[in-house]
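Please read the numbered points alongside the coordinates.

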Amino acid sequence: MAISSRIMIILAGLIFGALGSLLVEWGNPGNMGICVACFYRDIAGALGLHRVGVVQYIRPEIIGFVLGAFISAYGFREFRARGGSSPMVRFFLGAFVMIGALVFLGCPIRALLRLAGGDLNGITAVAGLILGAVIGILFLKQGFNLGRSSATKRANGWIMPVAMLALLLLAIFPPGFIFESEKGPGATHVALWIALLAGLGGGILVQRTRMCMVGGWRDLFLIKNTHLFGGIAGFFVGALLLNLILGHVSWGFEGQPVAHTNHLWNFLGMVLVGLGSVLLGGCPLRQTILSGEGDTDAGITVLGFFAGAAFAHNFLLASTPDGPTDFGQVAVIVGLVFAASVGFLMRDRT
Amino acid sequence: MIEVDARGFSCPIPVVKTTQALDGHPGKPVIVLVDSEVARENVSRLARSRGYSVKVEQVLDGYRLQLAPAGK
């Protein structure tokens with residue numbers, strides 16, 4: 001059983017990584033076949049929560065992730081409505097994780113996809129992510145936790161899936177108030193039904209295997225267990241193989257798609273993502289999946305992602321291909337102080 | 001009997017609490033209460049990797065895992 005679940009997560013990682021590469025081939029932006037942070041940012045833009053014209057589009061992949069997880073959780077009798085574990089803290093951690101990701105220009109998934117596309121800035125990003133995870137582990141070992149959640153009325157768990165269905169309707173029949181990029185990354189996307197199917201498939205895969213792009217590193221260092229890391233390794237290898245086959249690999253630091261080369265802030269942005277994700281219990285993808293399984297704390301975190309994405313662009317915190325902004329650097333420092341304070345203050349005193 | 005009540009905690013807290021219990025009481029059996037499949041899987045995987053046998057019992061609000069050191 002242990003062996004089969006191990007093979008399952010590696011296989012799922014391979015498939016998911018290959019999908020990340022294929023989605024670029026079919027029309028998503030460069031090295032952005034899947035990017036959970038970027039996609040929330042695009043949806044926030046489509047809803048007018050920020051007004052940066054080049055990153056506004058309702059990404060059906062996200063809708064698919066949540067609905068795929070919902071279907072899978074129901075099918076395998078794992079849907080459990082629950083919540084109440086420090087929702088306010090989770091909201092702000094979610095917002096800061098998003099800001100850190102948008103200073104680097106990618107979530108933990110896109111860091112791997114960028115590396116698999118030859119973008120060597122992914123190395124500093126992954127190094128930052130690992131350091132952030134290690135700092136988070138120190139807090140875990142000191143007794144940090146966000147408190148217990150408890151079972152809640154079932155309907156609470158349906159809110160996020162239903163909201164995603166509503167988003168899907170807005171994507172299919174966009175009313176006048178929905179923004180849609182005419183150029184830039186927001187205008188670069190696969191057909192709606194391909195994105196939705198990819199999201200649904202990915203959602204089911206990740207729900208079943210519990211794949212997590214931060215948890216893999218965390219378990220490696222925390223309990224010397226390689227199970228979840230198998231998903232990360234599989235994802236990277238799958239994306240790299242497909243990118244090599246499709247000719248999407250171009251090694252170097254400069255001139256990479258939707259990227260900048262400021263190593264310090266790529267690194268620090270991802271330290272914030274790694275630390276915040278360990279405190280939250282999972283990376284942005286994992287939070288997205290959990291929000292479809294009835295976990296309303298993860299749902300609040302997702303709302304934090306939207307808020308963080310809106311802040312990032314309204315307050316000029318998000319980096320551009322020219323590099324990080326001054327405000328973005330301040331925001332990352334503030335985020336690190338916030339996350340460290342949470343890690344320090346929310347320890348069980350024993 | 002050492003008992004860890006990890007109900008309500010999300011990943012990876014049940015694993016952290018179980019690790020601390022195993023480290024604190026080497027060679028002793030430990031009972032862990034969890035309320036999700038993910039926590040059940042993670043705690044079972046941890047215990048097996050450390051040479052414990054795992055007996056899972058479904059209870060009203062989740063699972064009761066009996067971790068017993070090998071050879072006992």
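1. A crossing is called left-handed if the near helix is turned anticlockwise from the far one by less than a right angle, and right-handed if it is turned clockwise. The model discussed here is predicted.

2. In chain A, helix α9 (residues 215-222) passes helix α10 (residues 227-246) in a left-handed crossing. The axes of α9(A) and α10(A) are 7 Å apart, at an angle of about 135°; the two helices are therefore oblique to each other.

3. On the α9(A) side, this contact is made by A:Gly215, A:Gly216, A:Trp217, A:Asp219 and A:Leu220. Their counterparts in α10(A) are A:His227, A:Leu228, A:Phe229, A:Gly231 and A:Ile232. By class, the contact comprises five nonpolar residues, four polar and one charged.

4. Helix α6 (residues 121-141) and helix α11 (residues 263-280) of chain A cross at roughly 35°, their axes coming within 6 Å. The crossing of α6(A) with α11(A) is right-handed. Their contact holds 18 nonpolar and nine polar residues, and no charged ones.

5. Helix α12 (residues 284-292) of chain A is largely enclosed by the rest of the structure, because nine of its nine residues are buried. Among them are A:Arg286, A:Gln287 and A:Thr288. After α12(A) comes A:Gly294, with a positive phi near 100°.

Terms used:
Residues numbered from 1 in each chain as written. Chains lettered and ligands numbered in written order. Predicted model: local features only at pLDDT ≥ 70, side-chain atom pairs only at ≥ 80, totals over all residues. Axes fitted to C-alpha atoms, helices over the stretch in contact; angles between N-to-C directions. Helix = DSSP H or I, 4+ residues; strand = E, 2+ residues; numbered from the N terminus. Nonpolar A, V, L, I, M, F, W, Y, C, P; charged D, E, K, R; others polar. Buried ≥ 20, exposed ≤ 12 C-beta atoms within 10 Å, placed from the backbone. Parallel < 35°, antiparallel > 145°, perpendicular 65-115°, else oblique. Contact = placed C-beta atoms within 7 Å.
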